[in-house]
Amino acid sequence: MRVKIIGSAAGGGFPQWNCNYRQSRAARLGTPGVHPRTQSSIAATADGTGWALFNASPDIRQQIAQAPELQPGTDAPLRSSPIRAVVLTNADVDHIAGLLSLRERQPFAIYATAQVLATLEANSIFNVLDPAIVPRRLLAPTEEIAICGADGHPTGVVVESFPVPGKVALYLEQKGDQDADFNSDTGDTIGVRISGTDSRGAVVYVPGCASIDGALRARLADAACLLFDGTVYTDDEMITAGVGQKTGARMGHIAMSGEAGSIAGLADVKIARRIFIHINNTNPVLDENSPEHAAVKAAGWEVAIDGMEMEF
Ligand code: MLT
Ligand code: MN
């Protein structure tokens, strides 16, 4: 199994197009230790040729351009792609908008929960991916599912999905019922355990998570590698930065720091390697010279960067 982080930033990317907060500015200026990042996606392959993407980010075209292994080979047919499937972990814009860039009648399969499939179904723009060419398949929770291409041929990538505390996508929130569907674990947001058929270990990918409970800790135990929601360092970070009104909790994202944060919540869970991913442009860990970056490293975590790879 080979897993490649093709987009390590949260929605908006880093720098974000309309943001002049010091971090986005530093990324734009090429400040040492502040690396630009594209939006939330990873890719996995079991055989080195066919790939499953996990989430399709608005930056997918750029991500493919930066990854030769995701491009048509020089000897490949006139129309081809090594991308055999896309697995979605929720219906957020940063996770599904890239599907629209995968049109052009190229066969691949989409895997998602019933809720996320319903969102694709309800938004007719996704019909640019003709279901006769791009089948949509149910990712039933807590079952091991062999990810197959559109032709039904297994990629060798195996996924087990599980609901995590989260919320519906921002554009699906009910007006006037602001507290509905927060911190629910009914499948609006999932985590995925990714392994091969002859697996010697698993990567667990959880780009969005509102809180850590016993069920989640049990799920994450013994992972060879955890890629976990690193949206914000402190819950009120976007407010303090002056760029927004929302806390991490209100967006369905647990903070890294603090007693209720992910670093503390997972400290005693046995995980061989732990990496923060889906990092928002306000998060100070994006600056490698910040005390927060040092604190995260001291706690045994890594901070994802685009192009990072792991093999197991
Ligand atoms: C999130 O992770 O909270 C979403 O990507 C936010 C958004 O859709 O802008
Ligand atoms: Mn997101």
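User: What makes a residue count as being around ligand 1, and which residues are they?
Analyst: In this predicted model, the residues around ligand 1 are D92, D94, M251, H253 and H278. The test is a heavy atom within 4 Å of the molecule, so each of these residues has one there.

User: How do you know that H253 makes a polar contact with ligand 1?
Analyst: An N or O atom in the H253 side chain is 2.8 Å from an oxygen atom of ligand 1. The cut-off for such a pair is 3.5 Å, so the contact counts. H278 has a side-chain N or O atom 3.1 Å from an oxygen atom of the ligand, and for D94 a polar side-chain atom lies 2.9 Å from one.

User: Why are D94 and H278 called donors of the manganese ion?
Analyst: D94 (OD) and H278 (NE2) lie 2.1 to 2.2 Å from the manganese ion, ligand 2. Donors are N, O and S atoms within 2.8 Å of this metal, so both qualify. D94 sits in helix α3 and H278 in the loop between β12 and α8, so the pair ties together parts 184 residues apart in sequence.

User: What makes D94 and H278 buried?
Analyst: Buried means under 20% relative accessible area, and D94 and H278 are both in that class.

User: Now the sheet: why are β6 and β14 called edge strands?
Analyst: The open sheet has the order β6-β5-β4-β3-β2-β1-β14, and β6 and β14 each pair on one side only.

User: How do you know that β1 and β14 pair?
Analyst: They share 3 bridges in the antiparallel sense; at least two are needed, so they pair. K4, for instance, has E309 in β14 as its bridge partner.

Note on methods:
Residues are numbered from 1 along each chain as its sequence is written. Chains are lettered from A and ligands numbered from 1 in the order in which they are written. This is a predicted model: local features need pLDDT of at least 70, side-chain atom pairs count only at pLDDT 80 or more; totals for chains, interfaces and linings use all residues. Side-chain values use heavy atoms; hydrogens and water are left out. Helices (H or I, at least four residues) and strands (E, at least two) are DSSP runs, numbered from the N terminus. Donors are N, O and S atoms within 2.8 Å of the metal (3.2 Å for Na, K and Ca); water is not among the atoms, so sites may look incomplete. Buried means under 20% relative accessible area, exposed over 50%, partly exposed in between (1.4 Å probe, protein chains only). A polar contact is a pair of N or O atoms within 3.5 Å; within protein, one must be able to donate a hydrogen and the other to accept it, and residues adjacent in sequence count only if both atoms are side-chain atoms.
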